[in-house]
Amino acid sequence: MAEQPRKPFRPQPKPGERKANRRGAARLAAVQALYQMDVGGAGINDTFAEFESHWIGNEVEGEQYLPAEAAFFRDVVSGVVRDQKQIDPMIDDALAKGWPLVRITAILRAVMRAGAYELEHRKDIPARVVVSEYVDVANAFVEADETGMVNAVLDMIARQFRADEFTR
């Protein structure tokens, strides 16, 4: 078992990265929290406490973490944890044959799980916005070819749950 990280995985800023809003910051924090829970085995309550008291909106090791919409952060993280047994097969179905979710890096699993949760449960946010936001989050962590995979997977899931948004 991997040693639990002392802090969440922190992406290096990419050139031209736009300034995140409070909900975008909540998405980034949710992905980091899900990553930490996946690789370090941290529980949800400990993760909420750590992120809300030490990371979100605070300066850590000289880097300013953006203020985030705490209720949205909690909704995404708790929703993924609650629904993971339904979310993972959806992602597996959307991935190319031969690439099951367990073969995808932990950070990309976190991005796709959070995006899939939002697409299924947060109908108040347009599907294209959700996909775009999680592609941006993935871009903070991985190279462009991997963000393309995130885009393709979340687009397939979006069309499954929100086909009406794509036929207009």
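**A bent helix and a salt-bridge network**

Student: How far does H3 span between its end C-alpha atoms?
Tutor: H3 spans only 30 Å, whereas a straight helix of 25 residues would span 36 Å at 1.5 Å a residue. The expected span is 1.5 Å times one less than the number of residues. Helices (H or I, at least four residues) and strands (E, at least two) are DSSP runs, numbered from the N terminus. This is a predicted model: local features need pLDDT of at least 70, side-chain atom pairs count only at pLDDT 80 or more, and totals for chains, interfaces and linings use all residues. Residues are numbered from 1 along each chain as its sequence is written, and side-chain values use heavy atoms, leaving out hydrogens and water.

Student: Where does H3 bend?
Tutor: At Gln-84, by about 80°. That is the angle between axes fitted to the seven residues ending there and the seven starting there.

Student: New topic! How many salt bridges are there?
Tutor: The structure holds 11. Each has a side-chain nitrogen of Lys or Arg within 4 Å of a carboxyl oxygen of Asp or Glu.

Student: Which residue forms one with Arg-109?
Tutor: Asp-38 does, with the closest N and O atoms 2.7 Å apart. Asp-38 is in helix H1 and Arg-109 in helix H4, so the pair ties together parts 71 residues apart in sequence.

Student: Is Asp-88 buried or exposed?
Tutor: Asp-88 is buried, with a relative accessible area of 15% (buried is under 20%, exposed over 50%, partly exposed in between, using a 1.4 Å probe and protein chains only). Asp-88 also meets Arg-113 in a salt bridge (2.8 Å, N to O). Salt bridges with shared partners join Asp-38, Asp-88, Arg-109 and Arg-113 into one network.
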